[in-house]
Amino acid sequence: MTEGLKRYQQSGDFHFITFSCHQRKPHLSLPTPRSLFEETLESTRSKYEFKVIGYVVMPEHVHLLLTEPTTVPLAKALMSLKISSSKRLKESPLWQARYYDFNVFTGNKQIEKLKYIHRNPVRRGLVTKPEDWHWSSFRHYATGQQGTVEIESQWTTQRREANTRPPSKNP
């Protein structure tokens, strides 16, 4: 582990994660690799039981805002995500070995990080509006639309509750 780097995991905080493609190469510059990464993120989310609050897939890096997994340490889930996506994209090495992890422990910081995530494609000049970038959680927040990756939000909570309610009885 890099000297001086401290990770605060198993803290119950949200985590703002960033990891980059190997040598910052744009391995995710085309729609198909970005979509395959989304599919891999969703299967990893389901397998390791963490919640995705927000994400964006950029041409040479990824930003995630998520909870800690319930079954394993966050580092193991991220390692699995990186290995699985490398195999699916048939690119080796696909990712740099390390990742950036920032603990998000206030509501204001969560909003700040979501805005950063969703505005990233606009800042980079890839699109003019966040809703035009398909590989992000922005449209879910704007419309409640379900995408490839399940986003933990008020709409997800409402859908979950609606699916667990017993059917109403009509007299």
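**Charges, rings and a strand threonine**

Guide: Start with R34, whose charged end sits over the ring of W135, 3.9 Å from the ring centre. A charge sits over a ring if NZ of Lys or CZ of Arg is within 6 Å of the ring centre and within 35 degrees of the ring normal. This is a predicted model: local features need pLDDT of at least 70, side-chain atom pairs count only at pLDDT 80 or more, and totals for chains, interfaces and linings use all residues. Residues are numbered from 1 along each chain as its sequence is written, and side-chain values use heavy atoms, leaving out hydrogens and water.

Visitor: Which helix does R34 lie in?
Guide: Helix α1, residues 31-48. Helices (H or I, at least four residues) and strands (E, at least two) are DSSP runs, numbered from the N terminus.

Visitor: How far is the nearest side chain of opposite charge from R34?
Guide: That is E38, 7.8 Å away. R34 is buried and has no salt bridge. Buried means under 20% relative accessible area, exposed over 50%, partly exposed in between (1.4 Å probe, protein chains only). For charge, Lys and Arg count as positive and Asp and Glu as negative; His and the chain ends are not counted. A salt bridge is a side-chain nitrogen of Lys or Arg within 4 Å of a carboxyl oxygen of Asp or Glu.

Visitor: What does the side chain of R34 reach, then?
Guide: The backbone oxygen of S29, at 2.8 Å. Leaving aside neighbours within four places in sequence, R34 is in contact (heavy atoms within 4.5 Å) with L28, S29, V57, W133 and W135.

Visitor: OK, salt bridges. How many in the whole structure?
Guide: A search finds seven. One of the pairs is R24 with E60, at 3.8 Å, N to O. R24 lies in the loop between β1 (14-20) and α1, and E60 in the loop between β2 (52-57) and β3 (61-66), so the pair ties together parts that are 36 residues apart in sequence.

Visitor: Is E60 buried or exposed?
Guide: Buried, with a relative accessible area of 8%. R24 counts as partly exposed, at 44%.

Visitor: Which residues are linked with R24 and E60 in a network?
Guide: R124 joins R24 and E60 in a network of salt bridges.

Visitor: And what does E112 form a salt bridge with?
Guide: With K109, the closest N and O atoms being 3.2 Å apart. E112 is partly exposed at 39% relative accessibility, and K109 is partly exposed at 25%.

Visitor: What about K129?
Guide: K129 forms a salt bridge with D132, with 4.0 Å between the closest N and O atoms. K129 is partly exposed, at 39% relative accessibility. D132 is partly exposed too, at 32%.

Visitor: Switching to rings. How many aromatic pairs?
Guide: Six. Rings of Phe, Tyr and Trp (its six-membered ring) pair if their centres lie within 6.5 Å; planes under 30 degrees apart count as stacked, over 60 as edge-to-face and the rest as tilted. Take F16 and Y100: centres 6.4 Å apart and planes at 80 degrees, so the pair is edge-to-face. This pair links distant parts of the chain, with F16 in strand β1 and Y100 in strand β4 (residues 100-104), 84 residues apart. F16 is buried at 4% relative accessibility, while Y100 is partly exposed at 44%.

Visitor: Which residues form a cluster with Y116?
Guide: F16 and Y100 form one aromatic cluster with Y116. The charged end of R123 sits over the ring of Y116, 4.4 Å from its centre.

Visitor: Last one. Where does T18 lie?
Guide: In strand β1. T18 is buried, at 14% relative accessibility. The T18 side chain makes a polar contact with the side chain of H63, at 2.8 Å. A polar contact is a pair of N or O atoms within 3.5 Å; within protein, one must be able to donate a hydrogen and the other to accept it, and residues adjacent in sequence count only if both atoms are side-chain atoms.
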